[in-house]
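Please keep the sequence and the model in view while reading.

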Protein chains: 2
Amino acid sequence: MSTSKPAGPNAAAATDKSEKKPHISDTPITWSNWYQHVNWMNVYFIGFLPLAGVVATIWTPLRFYTFCWSIFYYFCTGLGITAGYHRLWAHKSYSASFPLELFLALCGGGAVEGSIRWWSRDHRAHHRYTDTNKDPYSVRKGLLYSHLGWMVMKQNPKRIGRTDITDLNENSIVVWQHRHYVWVALGMGIIFPSVVAGLLWDDWVGGLVYAGICRIFFVQQATFCVNSLAHWLGDQPFDDRNSPRDHVVTALVTLGEGYHNFHHEFPSDYRNAIQWWQYDPTKWFIWTMKQLGLAHNLKQFRSNEIEKGRVQQLQKKLDQTRAKLDWGTPLEQLPVMEWDDYVEQAKAGRALIAVAGVVHDLSGFINDHPGGRALILSGVGKDATGMFNGGVYNHSNAAHNLLSTLRVGVIRGGMEVEIWKRAHSSDGTLKDGTV
Amino acid sequence: MSTSKPAGPNAAAATDKSEKKPHISDTPITWSNWYQHVNWMNVYFIGFLPLAGVVATIWTPLRFYTFCWSIFYYFCTGLGITAGYHRLWAHKSYSASFPLELFLALCGGGAVEGSIRWWSRDHRAHHRYTDTNKDPYSVRKGLLYSHLGWMVMKQNPKRIGRTDITDLNENSIVVWQHRHYVWVALGMGIIFPSVVAGLLWDDWVGGLVYAGICRIFFVQQATFCVNSLAHWLGDQPFDDRNSPRDHVVTALVTLGEGYHNFHHEFPSDYRNAIQWWQYDPTKWFIWTMKQLGLAHNLKQFRSNEIEKGRVQQLQKKLDQTRAKLDWGTPLEQLPVMEWDDYVEQAKAGRALIAVAGVVHDLSGFINDHPGGRALILSGVGKDATGMFNGGVYNHSNAAHNLLSTLRVGVIRGGMEVEIWKRAHSSDGTLKDGTV
Ligand code: HEM
Ligand code: HEM
Ligand SMILES: [Fe+2]
Ligand SMILES: [Fe+2]
Ligand SMILES: [Fe+2]
Ligand SMILES: [Fe+2]
């Protein structure tokens with residue numbers, strides 16, 4: 001219909017408009033516009049600022065208390081992202097009471113990775129459109145892109161897949177944190193860690209440099225690994241159609257978010273690691289909060305569903321391996337032989353042996369037979385089904401496998417059929433001997 | 001036939017004879033006959049003598065040269081058993097030149113575990129009748145029995161399965177070693193190690209106690225582990241119908257014979273470990289002999305056959321796991337529903353959803369839906385096949401699995417069939433609407 005319609009003034013206007021203002025990310029990068037492609041605010045927050053902190057360490061002595069505080073606050077802000085931003089808000093894998101939500105919203109803000117609302121919207125799009133063009137940090141665009149590039153370079157917000165965040169828009173803490181995000185980030189990321197170190201052991205500068213800026217750098221790089229490393233390194237025990245992977249190294253770096261193949265398959269499970277011996281401190285934290293009455297409704301997929309995924313993936317791998325192996329000519333592709341022909345050829349010196357109605361050519365194997373030359377020869381030209389299957393020796397599964405690769409024909413009727421032989425010998429032609 | 005025949009004099013005589021002289025092992029052990037049950041010669045060679053040597057170490061200083069010589073000679077005599085007795089003579093997994101055969105026959109004799117002929121006959125019976133009563137060292141009779149008991153207690157030689165050892169009887173080295181076994185064992189087991197230490201660094205007693213007797217003790221216990229530990233500890237990657245198992249600990253103890261599940265499945269392969277990183281010094285020794293021109297015709301199963309065994313065993317395990325899981329009611333056991341009934345019930349408030357012609361009951365899942373309550377409700381009472389399969393969201397394999405556990409019925413015709421509905425509504429009865 002629309003093809004027959006001539007392009008009216010409206011159509012022209014629409015085209016004009018999009019030609020006038022293409023989003024910067026849809027134009028090629030040139031020497032004259034490259035700086036417009038860069039998201040300078042992000043470069044500042046994840047590049048310059050952390051690097052400045054690292055440089056400042058040269059002049060800033062590291063005190064033991066400050067060191068401990070930095071590590072501790074690293075875990076707090078890390079959990080703000082993993083237990084808060086990720087498992088609570090993006091995936092609703094459990095419910096948190098007000099104090100816990102506040103703690104996570106503040107600490108998560110201190111990691112300086114954007115507001116809950118912004119982070120969760122992108123993350124939901126990442127799950128819903130994994131590995132496609134609508135995935136904000138698709139690893140298909142390169143490991144570095146999924147780690148940092150997607151923040152450093154400007155993106156067309158329209159390209160990112162749409163997701164439903166009505167639940168977040170109704171959450172007062174989320175809305176408050178989003179609205180005052182700059183203050184939360186500044187306060188919790190820089191000022192608070194410095195004030196703690198300053199008031200308690202009078203190390204204002206150390207608190208700023210180590211527990212503030214350097215710690216931000218480490219938390220950021222660690223959590224970015226979930227988008228890069230977790231889609232690149234490790235196994236795929238549940239599904240290999242998409243890029244997410246499980247690896248203990250990623251888990252160690254990311255407070256337990258490294259079992260990412262599981263996570264993409266079961267996103268609303270509050271766990272990422274399901275085995276007790278796997279490293280998932282975020283899970284342990286949520287579980288502890290539950291014991292303290294601060295978290296409830298921890299969601300878990302039934303282990304039945306989880307094991308089904310594992311079994312199917314193993315089956316897929318097994319079928320791939322199986323298809324590459326030689327299982328012998330399929331029976332239906334083998335020529336049909338008369339029993340008498342089989343016996344005759346065997347007598348004429350061909351090392352043929354019939355087992356379960358199938359003729360096998362043993363030349364080349366007789367001398368290698370683990371049971372000896374004599375025993376195997378005793379079956380040549382006969383029906384060796386019984387001998388092979390326990391009459392003389394109950395052959396292993398491996399022997400059965402090997403036998404099937406030596407198939408050369410099937411015997412008409414499966415074995416010596418007296419009435420066919422009689423019909424055959426009496427007039428020299430072949431008749432169907434239905435009695 | 002034979003049941004109607006009266007017991008004649010011959011039958012009586014036969015019974016008499018067997019009643020007169022039952023083999024000692026077929027009589028119960030009592031306080032008065034227990035010493036007759038014991039094979040005292042074996043108790044001497046694998047019990048008293050080695051123990052005496054261990055006790056003698058208390059008064060015998062261990063010199064460094066003697067220590068090194070004991071270790072070295074331990075490997076020589078161990079290889080005599082593994083590369084010689086086992087892989088060369090019992091399994092014919094390669095051919096050896098005269099000097100190598102002589103070396104292995106002498107060193108193997110120095111392990112004091114019986115002659116090649118006796119050892120190989122039992123070992124062939126062990127492979128042919130594994131785990132049955134005809135297996136001379138069946139692990140089914142207990143771990144200790146398979147380790148030592150079968151030698152310590154007298155056995156009825158008639159019970160042990162018959163095997164073909166014509167090849168061994170034709171081998172002059174084997175026959176010679178068997179005939180002069182006591183001298184070979186004494187000479188190579190005790191005298192030779194003492195003479196070496198005595199002549200070269202004047203430690204006759206140390207050579208006797210350490211390189212002789214104690215070394216015998218260790219070699220014996222290590223190789224006995226192939227019959228006990230290798231049938232008891234580890235995995236079964238190739239076949240789990242019998243007891244043999246693969247374990248690296250057994251391999252470490254037995255110069256590489258610990259990949260015993262593989263070995264029982266592929267006994268004429270000169271390797272026991274097929275991966276280069278697995279510990280199989282016996283394989284390395286044989287391979288080196290080949291490079292030196294002393295061994296040839298090293299037999300190997302095709303990797304195709306080996307991988308087939310592995311795939312089948314994995315499949316078996318997988319099928320067992322799969323059978324334990326809930327895959328939902330099979331389609332053919334579900335009740336058939338009319339499309340209109342489905343719609344009606346959904347309107348009446350039952351949370352039913354039709355996907356691919358199957359009706360699912362979502363009550364209890366709606367609130368857990370990772371995609372939210374609203375989206376899932378939008379499919380209730382409709383044909384949600386498209387929505388579920390990518391129309392709105394392309395659900396994961398896990399979601400498909402979960403869905404199948406929620407099945408409650410199949411829709412007649414698979415979906416809304418207009419002609420049936422018309423037939424239904426026009427006269428109130430159901431007609432087959434063939435146009
Ligand atoms: C029909 C006559 C045959 C007889 C009487 C016979 C007999 C035996 C015996 C007694 C053994 C045990 C050797 C031992 O462990 O000491 C053996 C092993 C073996 N035979 Fe045969 N055999 C026959 C045919 C075949 C054929 C046609 C094949 C070809 C695939 C075959 C493959 C094997 C293999 C691979 C073994 C090693 C042990 C195992 O995997 O079970 N045999 N055979
Ligand atoms: C027919 C209407 C349905 C719609 C429109 C719908 C939509 C969605 C959407 C958009 C998501 C992605 C959530 C995100 O990652 O942000 C999702 C996830 C999911 N949905 Fe549905 N859904 C429907 C029905 C169902 C049903 C009947 C089941 C029952 C098995 C189900 C199970 C799941 C599961 C397990 C997930 C988690 C992600 C995955 O495993 O793919 N959905 N759904
Ligand atoms: Fe991901
Ligand atoms: Fe996620
Ligand atoms: Fe064995
Ligand atoms: Fe063996």
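A polar contact is a pair of N or O atoms within 3.5 Å; within protein, one atom must be able to donate a hydrogen and the other to accept it, and residues adjacent in sequence count only if both atoms are side-chain atoms. The model is predicted, so local features need pLDDT of at least 70 and side-chain atom pairs count only at pLDDT 80 or more, while totals for chains, interfaces and linings use all residues. Residues are numbered from 1 along each chain as its sequence is written, chains are lettered from A and ligands numbered from 1 in the order in which they are written, and side-chain values use heavy atoms, with hydrogens and water left out.

**The iron atom of ligand 1**

- The iron atom of ligand 1 is coordinated by NE2 of A:His369 and NE2 of A:His395, at 1.9 Å; donors are N, O and S atoms within 2.8 Å of the metal (3.2 Å for Na, K and Ca), and sites may look incomplete because water is not among the atoms.
- The 6 donor atoms around this iron atom subtend angles of 88 to 179°, which makes the arrangement octahedral; for six donors, that term requires opposite donors over 155 degrees apart and all others between 65 and 115.
- A:His369 lies in the loop between strand S5 (358-361) and helix H17 (373-377) of chain A, and A:His395 in the loop between helices H18 (385-388) and H19 (397-405) of chain A, so the pair ties together parts that are 26 residues apart in sequence. Helices (H or I, at least four residues) and strands (E, at least two) are DSSP runs numbered from the N terminus.
- Both histidines, A:His369 and A:His395, are buried, that is, under 20% relative accessible area (1.4 Å probe, protein chains only).

**The surroundings of ligand 1**

- Residues from chains A and B surround ligand 1, so the site is shared between chains; a residue counts as near if one of its heavy atoms lies within 4 Å.
- H19(A) gives the most to this shell, with 3 residues.
- A polar side-chain atom of A:Ser396 lies 2.5 Å from an oxygen atom of ligand 1.

**The iron ion (ligand 3)**

- Four histidines, A:His126, A:His231, A:His260 and A:His264, coordinate the iron ion (ligand 3) through NE2 at 2.1 to 2.2 Å.
- The 4 donor atoms subtend angles of 91 to 167°, which makes the arrangement around the iron ion (ligand 3) irregular.
- A:His231 is buried, with a relative accessible area of 3%, and A:His264 is buried at 13%.
- The iron ion (ligand 3) and the iron ion (ligand 4) are separated by 5.6 Å.

**The surroundings of ligand 2**

- Ligand 2 is surrounded by residues from chains A and B, so the site is shared between chains.
- Of the 21 residues around ligand 2, those that come nearest are B:His369, B:Pro370, B:Tyr393, B:His395 and B:Ser396.
- An oxygen atom of ligand 2 is 2.5 Å from an N or O atom in the side chain of B:Ser396, and a polar side-chain atom of B:Tyr393 lies 3.1 Å from an oxygen atom of ligand 2.
- H19(B) gives the most to the shell around ligand 2, with 3 residues.

**Helix H5 of chain B**

- The buried residues of H5(B) include B:Leu100, B:Leu104 and B:Cys107.
- H5(B) is followed by B:Val112, whose phi is positive, near 55°.

Definitions and conventions. Buried means under 20% relative accessible area, exposed over 50%, partly exposed in between (1.4 Å probe, protein chains only). Four donors count as tetrahedral if all angles lie between 85 and 135 degrees; four count as square planar and six as octahedral if opposite donors are over 155 degrees apart and all others between 65 and 115; anything else is irregular.
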